[in-house]
Amino acid sequence: MYLTKQFSAWPSMLLCALITLSLCHDVNAKEWLVDSQQGYQALAKQLKPGDVVTLKNGVWNDFDLVFQGQGTSEKPITLTAQTKGKVILSGQSSLRLAGKHLVVSGLVFKDGFTPSNSVISFRRNKKELAYYSRVTDVVIDNYSNPDKQESDYWVALYGQYNRFDHSHLVGKRNKGVTMAVRLDTKQSQQNHHRIDHNYFGPRPIFGSNGGETLRIGTSHYSLTDSFTIVENNYFDRCDGEVEIISVKAGKNQLRNNVFFESRGTLTLRHGNGNLVENNVFFGNGVDHTGGIRVINKDQIVRNNYLEGLTGYRFGSGLTVMNGVPNSSINRYHQVDNALIEHNSLINVAHIQLAAGSDAERSAAPIRSQMQHNLVVIQSKVQPFSFFDDISGISFNQNVSNVAVDSKLASGFSHENVMLTRADNGLYYPPSTIKQGVSRDLKVIDRAQTGVSWYPKSALNIAFSSGKTIKIKADGDALILAIKNASAGDVLVLSDGNYDIRKLVSIDKPLSIVADSPLAARLTFERSTLFEIADGGSLLLDGLHISGANSPDSTGNTLIRTKKWGMLKNYRFVMRNSAIEDLNINHSFHVFDSGLGAFADQIELTNNTFTNVSGDVLRLNKEIEDLGIYNAEYVVIHNNTFSAISGALVNLYRGGSDESTFGPHLTMTKNVLNDVGLGKRNKHRSSVYLHGVQVSHIDGNVFEHGAGLRIEHTVGEPVTYVTNNRLVQTPKIAVKELRSSGQHTATLLNNKSQ
Ligand code: CA
């Protein structure tokens, strides 16, 4: 046995004995300090009300922790850490709770992932669930399955009357909702769970469906009431996908939560009678930040504060959807009896009503009200758009500083509203205006959420945040320096020639920059120079790179990501560099993404590319053509491309899923000469975009090359091709692949010669 009966148990028992025996039902309660998994297993079967099990400080590897017992409300059974934050569950560890009145606290899950379908589950199996139990003060940090498409939950709530609070969840990178409230059996319905004071830290863009931060229910049980309370949580840059929170059950209350720079919305996707109240959304102008999306019956959206939200369409600051007549349970139930009142919408770019109206979603909102809301837009661009009959929404006594559409005008008073920021951080109009959120709205501070003993640190290490290291002109010296560098370091290359003999793996954010522009000249002898591995990001600046010493074989690549196993999103930036003679054999590419690799950002600025026998940016790898695409933001600005046999950019998002916002392409002020004419260039185009959601192609010159080919699929892609000059280049081709009729791209002021 490995049990240690802790001496400190005695004073409390003595104290009990000194009071009266009748008050102390826990004379048999014990405190245990456990230092091994075997010790825990032996103890776990005999836990009694009032028992306290303390895990010894240290790393517990591959611990399949089952915490089961029947506590009472006065005498719960407790599992805790010797010191909060010093008990680390790593490797393939998980926690399951079953029974009643259990309390778990102080644990940290990191350096591993769950081998089962959740990290923390409020059930042992389908029959043994947890009730009246609490998990508090725990951390789950980057505990992501290394196979990004393997789905799991970090927290799965089952049973009834459970609480998950004051915990810190950050960096979920694999597929699956971070926290799920499951209603899949009767024992888990009408659950009255409470989810409060948690810090939902950054969740990176997942790049397809399955990146929600919190989901309550599923469509299947969505007409069932859940009675879950979600309050005083902080959602910090929860960017996984279009739904930050997806409510799919009835009678939940979501209140006093803060959403900070999070892309997506709180979506009332299924289920009726939910209350969304006193929440605060700060978008700070970040792309695709949204607010609240209303679907179904009897929803109340009251006293919410929404500021600086840029999102549009289903990701707007406020969206009221159209429904499907006699909708099946998994489509869109008509909005009926919605009450939307006393909300403040400050600098919210879009408010969309009867959104999603189409042949299927033809049921406009009915019996609904929007009243006492405050809409203030500094830019004076009115934010409302509607897509169907909105006579089912009555507008009363709202105030706006912009003239709204005439159909709404009678419900708005148009006033010049001066705003002042109050002590709670929110803008308020003069006290004569009663519209908008209450003066006493309490905004939870980030520091009041999560745990106090674990840092809320940034998810990504910025380029140039580390040391500057000078390198002499020697290929091996550069390889060694890259190996020894720390994340964020800048390697400065002295003038001279660097012939690189080995493939260079970049497994941390690094900048490699020339001391003087184009005076550090790199050649390489392997089929690839730089390989971005998981956790790596690369910035190149001022380099001169030639393929002259590369192997005389097909399919060389200057830079690629690892071909598999990329869990973490990466960034690749190249500026002020000259790339030439990648043409020793055919299909020599500049940049090639692996399957499942995902770039938050790819940027090419102020470079020249000359004599390339392959493509420049190959961002077209999908595992199953389901829309798991390769890059969120691609920026190509002020470069010159000459004699490129393949495409400048091949950016592809397949499938029909609409859970993501990207990819985005910005291509401005580039000169392309003789790009895309090689016989191996499959799409016969210099720029090939398929399913790209946002494209701005402006002020470029296309000379003597292949044309632009743009294929719209699902979503409502935003495409602007403007002010470009085409010289002996085919005309711009835009196709709608999923809808008939005219394409929706804006082509303006493009000149063909
Ligand atoms: Ca989703």
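Predicted model: local features only at pLDDT ≥ 70, side-chain atom pairs only at ≥ 80, totals over all residues.

Q: Does Val280 count as buried or exposed?
A: The cut-offs come from relative accessible area: buried is under 20%, exposed is over 50%, and partly exposed is in between (1.4 Å probe, protein chains only). Val280 has a relative accessibility of 1%, so it counts as buried.

Q: How many Å separate the C-alpha atoms of Val280 and Tyr234?
A: Along the chain, these two are 46 residues apart.

Q: Within what arc do the buried residues of α2 fall?
A: Helix α2 runs over residues 37-44, and its buried residues are Gly39, Tyr40, Leu43 and Ala44. They line one face of the helix, because, looking down the axis of α2, they fall within an arc (taken from the directions from the helix axis to the C-beta atoms) of 130°.

Q: Which residues coordinate the calcium ion?
A: Donors are N, O and S atoms within 2.8 Å of the metal (3.2 Å for Na, K and Ca), and sites may look incomplete, as water is not among the atoms. In sequence, the donor residues follow the spacing N-x2-E-x28-E-x1-E. At 2.3 to 2.7 Å, the coordinating residues are Asn209, Glu212, Glu241 and Glu243.

Q: How many residues apart are Glu212 and Glu243, the pair that links distant parts of the chain?
A: Both Glu212 and Glu243 are buried. Glu212 sits in the loop between β20 (199-200) and β21 (214-217), while Glu243 belongs to strand β24 (residues 243-248).

Q: Between which domains does the largest pocket lie?
A: A pocket is an open set of points on a 1 Å grid over the protein atoms alone, with protein on both sides within 12 Å along at least five of seven lines, and lining residues have an atom within 4 Å of a point. This one is lined by 45 residues, with Arg313, Phe314, Asp657, Glu658 and Ser659 nearest its centre. Domain bounds come from an automatic or database domain assignment. Two domains both give residues to the lining, so the largest pocket lies between domain 1 (258-443) and domain 3 (615-753).

Q: What is the omega of the cis peptide bond between Gly662 and Pro663?
A: Pro663 is in the loop between β63 (649-652) and β64 (664-668). The cis bond joins Gly662 to Pro663, with an omega of about -5°.

Q: What is the phi of His372?
A: His372 lies in the loop between β37 (368-371) and β38 (374-376). It counts as partly exposed because its relative accessibility is 21%. Most residues other than glycine have a negative phi. His372 is not a glycine, yet its phi is positive, at about 55°.

Definitions and conventions
Residues numbered from 1 in each chain as written. Heavy atoms only, no water. Helix = DSSP H or I, 4+ residues; strand = E, 2+ residues; numbered from the N terminus. 1 Å grid on protein atoms, 1.4 Å probe; cavity = no way out; pocket = protein on both sides within 12 Å on 5 of 7 lines; lining within 4 Å.
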